[in-house]
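The following exercises are to be worked with the sequence and the three-dimensional view at hand. Each task is followed by a solution in steps.

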Amino acid sequence: MTATDLLRPLLVVAVFAVVPWLGVSNATLNFLVYMLIVALAAQGWNILGGFGGQYSFGHAAFFGTGAYATAILQVQLGVNAWVGLVCGVAAGVAVGLFVGFLSFRSGLRGSYFALVTLAFAEVFRVVANAAGFTGGAAGLLIRLEPGVATLQFADRRITCMLVLGFVGLGLVISTWLTRSRFGAHLIAVRENEQAAEALGVDPMRVKLGAIALSAALTALAGCLYAQYFLFIDATIAYGPWISVEALLAPLVGGAGTVFGPLIGALALHGLGEATKGIAGSVPGIDLVVFGVVLILVIAFLPGGLMGGLARLAGRLRTIARGRRPAVEA
Amino acid sequence: MYSTEIVLEAVLNGLLTGGVYALVALGLTLVYGVLHIINFAHGALLTCAMFMVWAAWAWLGIDPYAAVLVVGPLMFGLGYGMQRLVIGPASRHDDGNILLVTLGLAIVLENALLAGFKSDTRTVATDYALEVVSIGPLLLSQPRLVGFAVTIVMTALLWLVLNRTDIGKAIRAVAREKTGARLVGIDVDHVYAVTFGIGCVCLAVAASLLMPTFYVNPRIGGAFVLVAFTIVVLGGMGSVVGALLGGLLIGAVESLSSLYLGDSLGQLGIFLIFIVVLLVRPTGLFGARV
Amino acid sequence: MLVAEGLTKKFSGLVAVDEVSLAVAEGSLTGLIGPNGAGKTTVFAMLAGFLHPTGGRVLLDGADLTDEPPYRRARRGIARTFQITQPFAGLSVHENIAVGAYLRHARRADAMDRAAAVAERVGLSHELDKPAAALTVAGRKRLEVARALATEPRLLLLDEVLAGLNPSEVRDMIPVLRAIRDDGVTIFMIEHIMQAVMNLCETVYVIAQGRLVAAGTPQHVCAEPQVIEAYLGHGAAARIAAGGVHARG
């Protein structure tokens, strides 16, 4: 990876970084923080699902583990929030490796992998809802105590910058995947595992690396969620909603692309807010739109928004060169 | 420790519940066996059917059992149309796409119901909901007994349709060899849609059996969908008899784990079975195909 | 350098490969021929590690590889191509080859340079930026060879890289293979096209119905009655000797 490779991610982060300081409302800041947390979780999904081609329907398992680990450490053991964050990510990675090792060793892929990840997430949800140290059905409340040490900021613009920083990290990791040996191996395994193995790629190691990295980012999103909203319960942390959010954004934005998850999260949640604005706040109406968008993207926009943009750019270039656009295969 | 009678009663009631689970799983396994797709919208479709049964009772005063005569055809139409107009064209027969399109449909259906009916829980009041039948010292719920009997009948009926009718033969031909079926003049897209429709009819029947003793809200399908997947995986993807046996087994397991672990952990046993079966033997315990 | 000892593979009782022993000498161009369904690809799969033999051993320079997975064997310097080409469809030709090059070059720039050099050798230089899925059959066969070659192997296992090519494409490919060997890469190839085998290989093994029936120089092997029978049916050797083969063919 060279400095020029990092130019575009930095540019995108810079654009997002300006917005909070333009005197926008608290509601907009709220929207931004929430959208960026979703985008971060989605970036995690994209590493395994997009670059690696292993569609998980249970990224809630990692998100929730991050959220619970950081919350439990602070609430029950009085640990510093930053340490909690690091531990939350580590716990997410551990869960990722556990789930990954069992599933990949059994050769699960495609729909079966989707199902088994979904089931793991549900097991975590049921246990978190019943166990004592998770606060059970009542959930966990993190004490409101703004400060750098507690990772809570009275000024939402600061929170926004913090989350954006991590999203930027996600962009850098994704860019690295497109420019590195590990990334090439991961994509090769996605495209054809047998051929990759013939070329000296150890598929198990590559997939485990991918799920660890993937779980780390999604767990990080969980930690930030807990630290921002200061409350979690089993349905929030391990519920299907976050598994769905984490996969919708990359699929709509463009799975296996650097900017897909961020663009997808922005597009979906922007559209969600717009729908609420028009239809009033009917519960579930934004999700109806999300579902329709997902189906439309799969039907008409293979490669998502980024794929569409790439094709558009390609066509414009051909036209600019004064030739007729090439017929698509 | 519980007395033998309590345990036995739990097992029997579990088996009866398992009957309805089996019916839900039957639709899922049929669609998998023929179309080779995992239908994530199955739970949401069950919720739809349950709302239809509820609406027939609440708005038109139709008894939940009788409602199947209306809801059955409606669900068939919904399933047929969904496969023909949405899943088929949108997914272009790519497995990954199908998975995601059915997930998209699940999200749309579930949340459209949420938008329309809010998250309130609704029930149907009948005078037979609490009737029990006593067999020796054991008390069994009458509606569940009816549900169990109907499940057996439905399984037999489905078997007959698949093995003794022209459309059944076409379905089996398509399940086995799609290209060959197309070559001998079978309209594969129609057969796919009919299969999907039949899967939805199973849900309509399950819904009318469930409503007298159960409740409905827009999120209820989620509770059933993983159970149904577990049964299907346990019984062997695509196996009708496997779905029936798997359903009964899961019903009993759930009932027993609720008895010993409490309600909140009751489903844990199911999920763990699901994971173990997927990891160890994804072809299921009872192998055979449609 | 590569030795197979008594390789046997059974699929649920059916013997696909039966006690096949062979040796590929360092620096040689060795062929494996046989009629359809003889078990050639199964032998290759066992040599490359994609199938675990029911019996027998695979040795590379005396080291037992029998229990090693394919990627380990690739790291030891055994590369293979697939009879049914297996491109990474979503990647460009250049990136496809780079996946192979990454085995010995960790940095992207090095791997990409290496991939371009390999493409040059097999005649894919002009197709580097094409998506792999857009290649013709001949192009895909070249890509298979290029990807395997990019791992910088000592031994190259080629599974019917000439099959499906037209005669002029075959003519173009033969010097490419010879050049690879001349650069010091040992080649063991499965081939259907007899003319190519006669032309290229110094040693040929013939298997039929899972068994080794002959070994030696191409000229020697083609004269063996068992080989003729394996290809043309029972009694064919006698008819050829009697000059009667034309009546059948």
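UniProt positions are given in the numbering used here, feature names are shortened, and annotations may be inferred rather than shown by experiment. The model is predicted: local features need pLDDT of at least 70, side-chain atom pairs count only at pLDDT 80 or more, and totals for chains, interfaces and linings use all residues. Residues are numbered from 1 along each chain as its sequence is written, and chains are lettered from A and ligands numbered from 1 in the order in which they are written.

**Exercise 1.** State which residues of chain B UniProt lists as "transmembrane region", and describe the span 12-33.

*Solution.* Step 1: the unreviewed UniProt entry gives residues 12-33, 40-59, 65-86, 98-117, 145-162, 191-211, 223-252 and 259-280 of chain B under that name. Step 2: residues 12-33 of chain B are 100% helix and 0% strand, with end C-alpha atoms 29 Å apart. Helices (H or I, at least four residues) and strands (E, at least two) are DSSP runs, numbered from the N terminus. Step 3: residues 98-117 of chain B are likewise 100% helix and 0% strand, and their end C-alpha atoms lie 28 Å apart.

**Exercise 2.** Describe how helix H12 and helix H14 of chain A are arranged.

*Solution.* Step 1: two packed helices are described by the angle between their axes and the distance between the axes. Axes are lines fitted to C-alpha atoms, for helices over the stretch in contact, and angles run from 0 to 180 degrees between N-to-C directions. Step 2: the axes of H12 (residues 260-279) and H14 (residues 304-320) of chain A come within 8 Å and cross at roughly 110 degrees. Step 3: H12(A) is therefore roughly perpendicular to H14(A), a term for angles of 65 to 115 degrees. Step 4: A:Gly260, A:Ile263, A:Gly264 and A:Ala267 of H12(A) meet A:Gly304, A:Leu305 and A:Met306 of H14(A); contact requires C-beta atoms, placed from the backbone, within 7 Å.

**Exercise 3.** Describe the contact between chain C and chain A.

*Solution.* Step 1: chain C contributes 23 residues and chain A contributes 19 residues. Step 2: helix H2 (70-76) and helix H3 (93-101) of chain C each supply at least two residues of the side of chain C that touches chain A.

**Exercise 4.** Give the helix and strand counts of chain A and of chain C.

*Solution.* Step 1: chain A has 14 helices and 2 strands. Step 2: chain C has 11 helices and 10 strands.

Note on methods
Two residues are in contact if their C-beta atoms, placed from the backbone, lie within 7 Å. Angles under 35 degrees count as roughly parallel, over 145 as roughly antiparallel, 65 to 115 as roughly perpendicular and the rest as oblique.
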